[in-house]
Every structure is written in structure tokens, then in C-alpha cells.
Amino acid sequence: MPHIGLFALVVRDYDEAIAFYTEKVGFELIEDTDMGCGKRWVVVSPKGARETRVLLAKAGNDDQVSAIGNQTGGRVGFFLNTDDFERDHKRMVDAGVHFLEAPRDEPYGMVAVFEDLYGNKWDLLQLKVSG
């Protein structure tokens with residue numbers, strides 16, 4: 001198994017999730033296919049990514065609705081790597097992404113936690129190059 005190709009995020013609404021991830025985070029829309037009965041197959045991905053993609057899965061029952069925004073129990077559950085932290089942090093702040101903290105330098109790299117439109121926590125992370 002060479003990589004994880006797709007993971008799902010439970011969302012309230014397809015279109016608002018697409019708008020957030022494409023317009024604010026900077027992802028691109030890979031696929032938006034009508035599956036019938038109000039369901040869609042919606043996939044977004046960081047621009048240029050070849051392997052990892054995110055399935056935006058609309059909540060379909062009360063249990064799924066209750067998980068929106070808290071899919072990892074309040075912990076940072078998603079890690080968005082960048083090759084230019086300052087560029088991407090500024091772009092995301094300018095686009096209205098809510099960061100929970102100022103950027104900080106850690107032994108493993110530069111990091112700042114942000115929330116998606118539902119409250120799921122993500123790290124924006126530029127790893128240090130080991131050498």
C-alpha cells in the first residue's frame with residue numbers, strides 16, 4: 001500500500017464545503033458527480049497533489065450530523081503540509097481562514113492550527129528539512 005488516496009470529511013452542505021476548501025484553503029475541485037437522491041461524490045485536493053484527496057461527504061443521518069466539526073474529538077486531526085509557510089499562511093488569513101494561534105516554530109517545523117468552516121482542526125505545517 002503506497003499511500004492513502006482519499007479520506008472523508010463529513011460536511012453539512014456540499015457547496016459551502018467546496019467554497020471553503022477551494023476559495024479559502026486553496027484546494028482544487030477534482031470531482032463533483034451527482035449520485036442521485038441528493039448525494040454527490042465531491043473530491044477536493046491541495047493544488048498539485050497527486051495522491052491525497054478529500055471526499056466531502058454530506059451528513060446523511062443524525063449520528064453523522066453530530067460529528068460535523070468534531071470528527072477527531074477536538075484534537076487536530078488533519079495536517080496540511082506546505083513548502084512555503086509564510087506564503088500560504090498569509091493567503092489563508094487574507095481569505096478569512098480562522099487560525100486559533102499565531103504561527104510557532106517547533107522542533108519539527110513551522111506550524112499554526114486553523115479551523116475549517118465546521119470547526120475541525122487542521123495544522124498548516126512546514127516541516128524542517130533534516131540534513
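In the predicted model, Phe 7, Phe 20, Tyr 21, Phe 27, Phe 78, Phe 99, Phe 114 and Trp 122 are linked into a cluster by ring pairs, a pair being counted when the ring centres of Phe, Tyr or Trp (its six-membered ring) lie within 6.5 Å, with planes under 30 degrees apart taken as stacked, over 60 as edge-to-face and the rest as tilted. Because the model is predicted, local features need pLDDT of at least 70 and side-chain atom pairs count only at pLDDT 80 or more, while totals for chains, interfaces and linings use all residues. Residues are numbered from 1 along each chain as its sequence is written, and side-chain values use heavy atoms, with hydrogens and water left out.

Eight aromatic pairs are found when the whole structure is searched. One of them is stacked, since the rings of Phe 7 and Phe 78 have their centres 5.4 Å apart and their planes at 10°. Phe 7 belongs to strand E1 (residues 6–11) and Phe 78 to strand E5 (residues 76–81), so that this pair ties together parts 71 residues apart in sequence; helices (H or I, at least four residues) and strands (E, at least two) are here DSSP runs, numbered from the N terminus. With a relative accessible area of 25%, Phe 7 is partly exposed, whereas Phe 78, at 11%, counts as buried, where buried means under 20% relative accessible area, exposed over 50% and partly exposed in between (1.4 Å probe, protein chains only). Tyr 21 and Trp 122 form a tilted aromatic pair, at 5.9 Å centre to centre and 55° between the planes. Since Tyr 21 lies in helix H1 (residues 14–25) and Trp 122 in strand E9 (residues 121–127), the pair ties together parts that are 101 residues apart in sequence. Both Tyr 21 and Trp 122 are buried.

Helix H3 (residues 85–94) contains His 89, and its buried residues are Phe 85, Asp 88, His 89 and Met 92. Viewed down the axis of H3, these buried residues fall within an arc of 100° and therefore line one face of the helix, the arc being that of the directions from the helix axis to the C-beta atoms. The buried residues of H3 pack against H1, strand E6 (98–99), strand E8 (109–115) and E9, whereas the face turned away from the buried side carries the exposed residues Glu 86, Lys 90 and Asp 94. His 89 has a relative accessible area of 15% and, residues up to four places away in sequence not being counted, touches Phe 99, Pro 103, Ala 112 and Leu 124, contact meaning heavy atoms within 4.5 Å. Gly 96, which follows H3, has a positive phi near 100°.

Strand E2 (residues 27–36) pairs with strand E3 (residues 39–46) in the antiparallel sense over eight bridges, at least two DSSP bridges being required for two strands to pair. In this hairpin, which has two residues between the strands, Cys 37 takes a positive phi near 55°. Glu 31, located in E2, stands opposite Val 43 in E3 and is partly exposed at 33% relative accessibility. Beyond four places in sequence, Glu 31 touches Trp 41, Val 42 and Val 43, and a polar contact of 2.8 Å joins its side chain to that of Thr 33; such a contact is a pair of N or O atoms within 3.5 Å, of which, within protein, one must be able to donate a hydrogen and the other to accept it, and residues adjacent in sequence count only if both atoms are side-chain atoms. Between Glu 31 and Asp 94, the separation is 63 residues in sequence and 26 Å in space, C-alpha to C-alpha.
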